[in-house]
Amino acid sequence: MKVIVVGAGVVGTMHAWQAVERGHEVVHIEREAEARGASLRNFGQIWVSGRAGGEELDTALRARELWEGIGARVPGLGFRAIGSLTPVRNELELAVAEAAVARPDAAARGYKLLTADEARAVNPALRGAFEAALWCERDAAVEPRLAQLALREALLATGKYTFLPNREVRDVVGKNAVRDDRGETHTGDAVVLCTGAWLSGLVREVAGEIPVRRVRLQMMQTEPLGETLTTSVADADSFRYYPAYASEALDALQAAQPQDPTAAAHRMQLLMVQRLDGGLTIGDTHEYEHPFAFDTLEDPYEHLTRVVESFLGRPLPKIRRRWAGVYAQCVDTGRVVHRQRVRDGVWLVTGPGGRGMTCSPAIAEKTADELGW
């Protein structure tokens, strides 16, 4: 079988990986020299802790298993099974963490409530003031700026994979075929369009208006910290954002402890992970209203800096980079991904939202199973 994959972000790359793993030939087409979208502009977290119970959690756990296996074969991914800590500062936040630990799927996530001293034993860099922390053993990390490159190198080594950059697919022609902006037609036994946040043009032409929206975020990265941050770190605002933490305790927290005005205005929570070079990737914001701003705002960065410094008990290193990104998210946020047959032999896979880096291996596996690869 020959599979045409359009889009070289993490979702497209994992579809290419699944096809090659199953013995098929892949032609992988990317409109830029390298993918430049949300697949690079994220934390690189394999984030199990906050996922909604049911299909979303099952997908994340399967993806976590796949990431670990791929990481063992492709060291350039930088896979690390580091887990995460969410420090809490008061009884209201602690009650939400306790409710999470009482979930029936808590063991699958690796949830455990730690005292402040126990949390510092796990992550000694957390020298600031907090009362306790929610530990999630199943969380992990990869290097987002390196992952697609490392996967592609491994794919090229198989002899079954061809990468065609700087080609924009303009048309779906006939069955199982696409035409690029150089006028070349690429025909296979199946075509998968993994176009990320590019929802106009070709996508609108072949799929119409789909139940997927675009979301903009802001993030930043520091110079090396100078010590090891042994886990990913979140803050209690993540309880407000992620569906796993919905509970009466969360309702009480939101009623009695309003979110910081800057965090509320930008729909923020803290997520932080250390890169292999020692720098910290820190974010993020969420903007849903179109048209998006074209500039980055300083208030969210100042808020994140205050929160991080309060947990670390020390000033942040110099900020090296700031950036914005856009990803595609199903309007029904309970759906893991939008998967649609748009022509005979042609499928569109998009809209995983902030779950793309986490769930892409399992999303691609399900596509391959459904298409009978």
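Here are some questions and answers on strands, salt bridges and surface charge in this predicted model.

User: Is strand 1 (residues 2-6) largely enclosed or open, and how many of its residues are buried?
Analyst: Happy to start there. Buried means under 20% relative accessible area. Strand 1 is largely enclosed by the rest of the structure, because the number of its 5 residues that are buried is 4.

User: Which residue of strand 2 is the bridge partner of Val-5?
Analyst: Strand 1 pairs with strand 2 in the parallel sense, over 5 bridges. Within strand 2, the partner of Val-5 is His-28.

User: Which helix does Glu-34 reach through its salt bridge with Arg-152?
Analyst: The closest N and O atoms of Glu-34 and Arg-152 are 2.6 Å apart. This pair links distant parts of the chain, 118 residues apart: Glu-34 is in the loop between strand 2 and strand 3, and Arg-152 is in helix 6. Glu-34 is partly exposed at 29% relative accessibility, whereas Arg-152 is buried at 7%. The helix asked for, spanning residues 144-156, is helix 6.

User: What is the N to O distance in the salt bridge of Asp-180 and Arg-167?
Analyst: Both Asp-180 and Arg-167 are buried. Their side chains meet in a salt bridge with an N to O distance of 2.9 Å.

User: What is the relative accessible area of Asp-171, the salt-bridge partner of Arg-179?
Analyst: The closest N and O atoms of Arg-179 and Asp-171 are 3.8 Å apart. Arg-179 counts as partly exposed at 31%. Asp-171 is partly exposed too, with a relative accessible area of 25%.

User: Which residue takes a positive phi in the hairpin of strand 18 and strand 19?
Analyst: Strand 18 (residues 338-343) and strand 19 (residues 346-350) run antiparallel and are joined by 5 bridges. Arg-343 stands opposite Val-346. The hairpin has 2 residues between the strands, and the positive phi, near 75 degrees, belongs to Gly-345.

Key. Residues are numbered from 1 along each chain as its sequence is written. This is a predicted model: local features need pLDDT of at least 70, side-chain atom pairs count only at pLDDT 80 or more; totals for chains, interfaces and linings use all residues. Side-chain values use heavy atoms; hydrogens and water are left out. Buried means under 20% relative accessible area, exposed over 50%, partly exposed in between (1.4 Å probe, protein chains only). Two strands pair if DSSP finds at least two bridges between them. A salt bridge is a side-chain nitrogen of Lys or Arg within 4 Å of a carboxyl oxygen of Asp or Glu.
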